[in-house]
Amino acid sequence: MLNIIKSLASGSKAPHQTTPFPKMRNVVLDIMDEGRRKNTIHLPFDADATAMLIELERINADRASRITLTSYIAKALADTVAEDPRMQAYRKGNELVIFRDVDVSVMIERKVEGTRMPVPYIVRAVNDQGLTALDATLLAARTMPLYTDNGPLSKLEATFFALPRVIRKIVWFFIRRDPHLFRQVAGTVGLTSLPSQLPLRAIGMPITPMTLTLLVGAISPRLQLRDGQIVEEKIIQMNLSADHDIIDGAQMMRFIERLKKRLHHGTMSV
């Protein structure tokens with residue numbers, strides 16, 4: 001009987017190849033495991049990409065190195081959170097721990113073990129940085145070697161994510177119960193994005209362990225009525241995700257309005 005089963009199994013296999021599952025893919029698996037524990041709500045919205053790009057051109061005028069759109073959005077997000085730090089509060093028992101510094105965990109696509117995958121990189125106290133310093137930090141994170149002490153996917157993180165899942169789950173048990181420890185390993189707010197250069201109108205809803213996460217979608221054209229004239233403008237789709245245990249929908253709406261004003265008018269320090 002066993003031989004029959006083996007024969008059927010071997011005969012049913014289509015042409016294929018087998019490759020090892022990348023150990024560092026555990027980064028994504030652990031993030032999703034922790035994110036599924038949250039009562040996350042999502043609020044998609046559009047922002048005026050035309051106004052943002054015009055403001056970015058103004059900032060980049062006469063500059064040797066150009067500020068990227070990702071850095072511009074990250075700075076706007078951090079400054080808007082700093083206005084209302086409750087948006088990055090974390091629960092500890094019957095208390096909320098509300099941090100002053102906005103530590104942004106930015107997902108950066110890097111090649112790891114031969115496969116391109118998102119890797120989190122934490123930029124500390126973005127609300128106290130200027131755009132120039134922030135942009136230089138994010139640019140370095142995209143190019144610096146992995147498995148170093150200060151870069152994305154540090155040597156310690158690589159060792160941790162190579163551990164068996166049962167051991168990692170024990171460690172995460174203690175991390176998620178201490179907001180200060182969670183901040184050290186994950187930051188306070190999240191920022192992720194879809195490839196903006198692709199000609200697709202798309203948005204996503206991330207599985208995130210953060211109290212607040214902004215996902216930036218694609219830029220696409222849209223017809224708008226402005227001053228009685230139909231004009232084509234560029235819009236960028238975004239999604240704000242929040243832990244509903246801490247943040248309500250009305251808070252998210254007010255936060256989005258403040259964020260859009262900052263994005264459109266560029267009140268960040270350079």
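Mentor: Arg183 is found in helix H8, residues 179-186. The model is predicted. Is Arg183 buried or exposed? Its relative accessibility is 18%. The cut-off for buried is under 20%, so Arg183 counts as buried. Leaving out residues up to four places away in sequence, Arg183 touches Phe99, Asp103, Arg124 and Thr188.

Now the sheet. It is open, with 6 strands in the order S1-S8-S7-S6-S4-S5. The pairing is mixed. Strand S1 (40-48) and strand S5 (115-123) are the edges, and each pairs on one side only. Ignoring direction, neighbouring strands are turned by 35° against each other on average. Helix H2 (residues 26-35) packs on this sheet. H2 touches S1, strand S4 (104-112) and S5, and its direction makes about 60° with that of S5.

S5 runs antiparallel to S4, and 9 bridges join the two. In this pair, Ser105 stands opposite Ile122 of S5. S4 and S5 form a hairpin with 2 residues between the strands. There Glu113 takes a positive phi near 55°.

S4 also joins S6, here in parallel, through 3 bridges. Val104 faces Val189 of S6 across that pairing.

Next comes S6 against S7. Strand S6 covers residues 189-193 and strand S7 covers residues 212-226. They run parallel, with 4 bridges between them. Thr192 stands opposite Leu215 in S7.

S7 then pairs with S8 in the antiparallel sense, over 13 bridges. Arg222 has Glu233 of S8 as its bridge partner. This is another hairpin, with 2 residues between S7 and S8. Asp227 sits in the turn, with a positive phi of about 55°.

Strand S8 (residues 229-243) and S1 pair in the antiparallel sense over 9 bridges. Phe45 stands opposite Met238 in S8.

Met238 leads on to the packing. It is among the residues with the most contacts inside the largest nonpolar core, which has 44 residues. In soluble globular proteins, nonpolar side chains tend to be buried together.

Ile73 shows the packing in detail. Residues up to four places away in sequence aside, Ile73 touches Met52, Leu191, Leu214, Val216, Ile236, Met238 and Leu263. A second core stands separate, with 19 residues. Val28, Leu153, Ala158 and Met210 are included in that second core.

Finally, look at how two helices meet. The axes of helix H3 (residues 49-60) and helix H4 (residues 69-83) come within 11 Å. They cross at roughly 100°, so H3 is roughly perpendicular to H4. From H3, the contact uses Met52, Glu55, Leu56 and Ile59. From H4, it uses Leu69, Tyr72 and Ile73. By class, these contact residues are 6 nonpolar, no polar and 1 charged.

Terms used. Residues numbered from 1 in each chain as written. Predicted model: local features only at pLDDT ≥ 70, side-chain atom pairs only at ≥ 80, totals over all residues. Heavy atoms only, no water. Axes fitted to C-alpha atoms, helices over the stretch in contact; angles between N-to-C directions. Parallel < 35°, antiparallel > 145°, perpendicular 65-115°, else oblique. Contact = heavy atoms within 4.5 Å. Nonpolar A, V, L, I, M, F, W, Y, C, P; charged D, E, K, R; others polar. Core = buried A, V, L, I, M, F, W, Y, C linked by side-chain atoms within 4.5 Å. Buried < 20%, exposed > 50% of the residue type's maximum accessible area, 1.4 Å probe, protein only. Pairing = 2+ DSSP bridges.
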